[in-house]
Amino acid sequence: ENERYVQMEAIETKRNVLLEEFTGQNCPNCPTAHETAAKLKQQYGDALITVSIHAGPFAWAEGTRNFPTFKTEEGDSYAAPWEITEYPSGVINRTSGKMAHSDWANYIRAELQKEALLDIETVPTYNEDSTSATIRTTLKPVADIEGKLQVWVTESGSVSRQKNGSSFIKEYEHNHVYRASANGVGGENISLSANVFTTKEHTITVKDDWNAKNLAVVAFVYNDNGVVQVVEETIE
């Protein structure tokens, strides 16, 4: 049980990979999946981008407890297409379908070695009092691409409760938590031509219960073939 994660030999990563981790604070097995995601992140660094999406019956909606909670309506919308009924579950690059955390490593490794058809550069900056952020995203394709651009805000370092087995950890650190989308639940349609750069700009309000020092932006392009490319940048 404690030896499922096996360090693999180094590979040459060619593109980044998105892991959407569906979780909840009342989920007794979710800390084990959090640990798996953290180890994979440590192994692959910036090439692996994880987003912890609180959804389903094991998640508590924002503002429903006297401690920080993270479930959003959007979170349930992201979980629904994959028919996720078991928590924790993960979806990798929107091609894997729902997967148990014990199966993530091999799939991520294979996805990292696929060719990158797109480079994304995102520059998120706060206004003077950090009540909002402007997100400037530049898309640099090497092939024609039809799809959608999705821009998310995530938060790390949020300390709150988490069930672990039969007990609760009162001061558990939640990382890479999905907070909101800057361009709608499904993102926006884009049509890219090879070697033609496209820039999009979005503004998002920073909610009072978010810690502005710990926010990041995850920007990705996806289509029916899955996630084409994904990047993550902290908001400065």
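This is a predicted model: local features need pLDDT of at least 70, side-chain atom pairs count only at pLDDT 80 or more; totals for chains, interfaces and linings use all residues.

User: What makes the contact between Lys 41 and Glu 232 a salt bridge?

Analyst: The closest N and O atoms of Lys 41 and Glu 232 are 3.8 Å apart. The criterion requires a side-chain nitrogen of Lys or Arg within 4 Å of a carboxyl oxygen of Asp or Glu, so the term applies. The structure holds 13 salt bridges.

User: Why is the pair of Lys 41 and Glu 232 said to tie together parts that are apart in sequence?

Analyst: Lys 41 belongs to helix α1 (residues 30–44) and Glu 232 to strand β13 (residues 226–234), so the pair joins parts 191 residues apart in sequence.

User: How do you know whether Lys 41 is buried or exposed?

Analyst: Its relative accessibility is 18%. Buried means under 20%, so Lys 41 counts as buried. Glu 232, at 23%, counts as partly exposed, because that class lies between 20% and 50%.

User: What makes Glu 155 and Arg 179 a salt bridge?

Analyst: Their closest N and O atoms are 2.9 Å apart, and the limit is 4 Å, so the pair qualifies. Glu 155 lies in strand β6 (residues 145–155) and Arg 179 in strand β9 (residues 177–181), 24 residues apart.

User: Why is Glu 155 called buried?

Analyst: Glu 155 has 4% relative accessibility, and the cut-off is under 20%, so the label holds. Arg 179, with a relative accessible area of 2%, is buried.

User: Which residues are linked with Glu 155 and Arg 179 in a network of salt bridges?

Analyst: The network also includes Glu 62 and Lys 207.

Notes
Residues are numbered from 1 along each chain as its sequence is written. Side-chain values use heavy atoms; hydrogens and water are left out. Helices (H or I, at least four residues) and strands (E, at least two) are DSSP runs, numbered from the N terminus. Buried means under 20% relative accessible area, exposed over 50%, partly exposed in between (1.4 Å probe, protein chains only).
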